[in-house]
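Visitor: Before going into the chain, I would like to look at it. Please put the sequence and the model up.

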Amino acid sequence: MIRTILAIALAHPPAPAPADEPHVVRDWLAIAPVDQRGRRPFNPSAIFAAHLLDRSAPTPQPGASLTGELGTPMSWQPVSAGAEGQVEGAFAAAAATIEWPRDEVVLARLTGAATLWVEGTPQVGDVYGDGVGGLPIALRKGTNRLLVTGIRGGFRLTITPAPAPLLLDPCDSTLPELVAGEPQPAWIGLVVMNASDEALPDVVLEWGERAGPDATAARPPFAPGRLREPCGLPPRGVLKLAFAPFPDDDHPAFAAPGRVELPVRVRAGGRTAATTLTLAVKSPLELRRETYRSGVDGSAQAFAVLPPTDGEASALLLTLHGAGVDCVGHAGSYSAKDDFWIVAPTNRRRFGFDWQDWGRRDALDVLDHFSSTREVDPARRFLAGHSMGGHGTWHLAANDPATFAAIAPSAGWSSFDSYGGRPPVAPPHAALAALWSAADGASRTLDLVPNLVQIPTYVLHGSADDNVPASEARALIAALTAAGAPPAAHFEEGAGHWWDGAASAGVDCLDWPAIFALFRRSRRPVPAADVDFLGLDPSTQATCEWVRVVELARYGEPFRVRGRFDPASRTVVVETGNVGRLQLMPPDGEPGILWRVDQQELPHELESGAVDLLRTADGWQPFDARSAARSGSGWTAARKESGQGWTQGGGPFKRAFDHEFILVHGTQGDDAEDRELLERARHDATHWWYRGNGRAPVMSDVRWLQLCAADVAGEFLTGVILYGNRDSNAAWGALVPEEAPFDAHRGALRLGERKFTGAALGACVVLPSPRLGQVGLMADSGALGTRLGHALLPFTSGVGYPDYALFDAGFLATGDGGVLAAGFFDAEWRLQEAR
């Protein structure tokens, strides 16, 4: 029998529930916020310090108080759920205990809060109410302590028996809608869960032939297919697999609209689970959902397409939805045009990443993917969005002045500094705050106005918007006007955040006629003769027209490139600021260019085409990779290069999650260390899936080394995130040279010549690797340091971590006061000296 027990004796204990039925946890101790919540790399948390840092920390007691950075003591007080099981109130955390009759893996469905901790082990909650079902947790016979953190309004916790140890969850499937009469590629995402305490080393997904229920439509069957996921599933792990149901050379064209059914089954560890997926087949002119495979993590991602009225157009509008809005609903708010494809990416989820980080990457990947499958004119690509998508419109355009012919943010906001909750900085830590800002520099929209002035802009906002105040739009209009490029604008009198009228056939706050009038008269010059490119973060955007910024002179500081091409004299004049390495392509694609960079005329032998230049003490010189490697930092031949729009081999830290990464946890420590490393990697993987609809395989160090040794094609030599240190993770030595500027051992961290000792130290670091382009390190000095990492926010937009950050448990009390060291490496992966 089950009964929920508070940490006090209840006068009326809750009614018992059978162990084979869902059970709602109703009686809790809850506490109001004691610390500020905000987008900071190191948020103080008195609750984490008191009850989570040490797994054996005492259970909260009624009346016991905590004091955090807000300075007001708050106490744990009894609260009970309502009739539907919802606990209402402005709480930061809630605690309960639950009796269970046996050791068992069950499914916990937590809605309205970020994390459920069971005896100190975390599991992800459905904080945004996305409808995610229960996730595996382990309950032991007897009393189990529960703690809920990251509460967003009310929350509800239901515990349900797991129907089987291996589960498919079709509720979170990513499914395409197929198009009748058109052969097309398609990707499907399907969630697999291991509801057991055993690791499953191999997962095999199979799909086969089955006709749909609509017998009137003659459709070719699905050919049988098979996908092996050798990374497997950790105990109580969640992994979203991605597969293409059609062979690469055989994309069937379904004859007519209707439905088709696709049976799928997964096998792992001698267990099997199966389900049937239903795919809709739409007519060619219908609004639909399409999918593609993301290069970030190999996941299936969706986007919506509203075709032009006659099925053909050369102009494309990329439109970004607001928080909590589905991409199909967003695209459906427009009326179909005869001259535009309207395409709406997802930001990877309805809330996702605020169109920053991997949300921005999703938008640009959809743009590239769709443009490659249709005849889209590169001079007629446009960008718009509403609310969070209005912010995304500003954000994408501010960082990339060369992709879109015109933009139209509606109800958009500028940055997290003006909207969205970045707490004020305490004076003692202003230098660190500037460092965090530099690591997330791409989000500082107002600092990038010189890029925005180059793009025709229409600003739309409701004058009475009580969600995103109209002052956000007015501040950006004022900045553009002061820079000499006043945008067109309309403030709908008396309108709120989402509004409609009779001006358009769609929803007016998106489908505004004047916006499309601007789009129809705007074309981006291709090729462009002039370039003016200001950047705050080359890992976000490194290219603009015929310029690529490969390296900076100093990282964490702005860079700028201005260039002008004179076709008559075949001369290109370029001026740079804070650029260490630069690649220039002939603006018109033809050789015979005379290059003049920072008043230095380059040798005539470079006139044949593109040039790759390195700034030296003697001025700009042609870059020679072999010479650069020989004269490098001494510990690595790699250079810190930015890529085509996103980094390929440099920082900052969050960019380590850009390249089909695998989370590799250590198994060479003691039992406590190994447990914490597995739980940390598993929780990060589940968090990535929940927030980013992502695929994040988890495997042990030993298995990763075994697979790498047997891997001829290099399948496992992709992005790697290591958890642990040189003593606890066997893969560390294969990926991190001992002479690297950072290292971690049990009990100590080293940065250059500095050594930090202690049991509760952590670090997040990105380094080049001799076997990979780069490796991300979730480093620690032991089990407490591993647990401390749970308080970081690597998957939260607006939070920037530079190339390295070392910290101790002091940040739980003082925030940035617990940071031991942080900063950027230079272009040769040496510690960059402070100014």
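Visitor: Which residues does Gly535 touch, not counting residues up to four places away in sequence?

Guide: This is a predicted model, in which local features need pLDDT of at least 70 and side-chain atom pairs count only at pLDDT 80 or more, while totals for chains, interfaces and linings use all residues. Residues are numbered from 1 along each chain as its sequence is written, and side-chain values use heavy atoms, with hydrogens and water left out. Taking contact as heavy atoms within 4.5 Å, and setting aside residues up to four places away in sequence, Gly535 touches Leu448, Pro558 and Phe559.

Visitor: Is Gly535 buried or exposed?

Guide: Gly535 is in strand β28; strands (E, at least two residues) and helices (H or I, at least four) are DSSP runs numbered from the N terminus. Asp447 is 88 residues away from Gly535 in sequence, yet the two are 9.1 Å apart in space, C-alpha to C-alpha. Buried means under 20% relative accessible area, exposed over 50%, and partly exposed in between (1.4 Å probe, protein chains only). Because its relative accessibility is 4%, Gly535 counts as buried.

Visitor: How far apart in space are Gly782 and Leu677, C-alpha to C-alpha?

Guide: Gly782 sits in the loop between β45 (775-780) and α13 (783-788), and at 6% relative accessibility Gly782 counts as buried. Beyond residues up to four places away in sequence, Gly782 touches Glu673, Asn725 and Ala759. Gly782 and Leu677 are 105 residues apart in sequence, and their C-alpha separation is 9.4 Å.

Visitor: What is the relative accessibility of Ala199?

Guide: Ala199 is in the loop between β14 (188-194) and β15 (203-207). Leaving out residues up to four places away in sequence, Ala199 touches Asn194, Leu233, Pro234 and Pro235. Ala748 is 549 residues from Ala199 along the chain, and their C-alpha atoms are separated by 30 Å. Ala199 counts as exposed because its relative accessibility is 52%.

Visitor: With which residues is His395 in contact, leaving aside its neighbours within four places in sequence?

Guide: His395 belongs to helix α4 (residues 388-399). At 1% relative accessibility, His395 counts as buried. Aside from neighbours within four places in sequence, His395 is in contact with Trp355, Gln356, Arg360, Ala442 and Ser443.

Visitor: Against which element do the buried residues of α5 pack?

Guide: In α5, the buried residues are Leu432, Ala433, Leu435, Trp436, Ala438 and Ala439. They pack against β47 (819-823).

Visitor: What is the phi of Ala411?

Guide: Ala411 lies in the loop between β25 (406-410) and α5 (430-439). Its relative accessibility is 2%, so Ala411 counts as buried. Ala411 is not a glycine, yet its phi is positive, at about 55°.

Visitor: How much space lies in the largest cavity?

Guide: Rolling a probe the size of a water molecule over the atoms shows where empty space is left. On a 1 Å grid over the protein atoms alone, a cavity is a set of points where a 1.4 Å probe fits but cannot get out; points are joined across faces, edges and corners, and the volume is the space filled by probe spheres set on them. The count comes to seven cavities of 30 Å³ or more. The largest cavity holds about 190 Å³.

Visitor: Which helix gives the most to the lining of the largest cavity?

Guide: Lining residues have an atom within 4 Å of a point, and the largest cavity has 22 of them, with Asp357, Asp537, Ser539, Thr540 and Arg655 nearest its centre. They divide into seven nonpolar, seven polar and eight charged, where Ala, Val, Leu, Ile, Met, Phe, Trp, Tyr, Cys and Pro count as nonpolar, Asp, Glu, Lys and Arg as charged, and the others, Gly among them, as polar. With four residues, the helix that gives the most is α3 (residues 357-373).

Visitor: What is the radius of gyration of the chain?

Guide: The secondary structure comes to 14 helices and 47 strands, and buried residues make up 60% of the 835 residues. The globule rule is 2.2 Å times the number of residues to the power 0.38, with the radius taken over C-alpha atoms. For 835 residues a compact globule would have a radius of gyration near 28 Å, which agrees with the value for the chain, 27 Å.

Notes:
1 Å grid on protein atoms, 1.4 Å probe; cavity = no way out; pocket = protein on both sides within 12 Å on 5 of 7 lines; lining within 4 Å.
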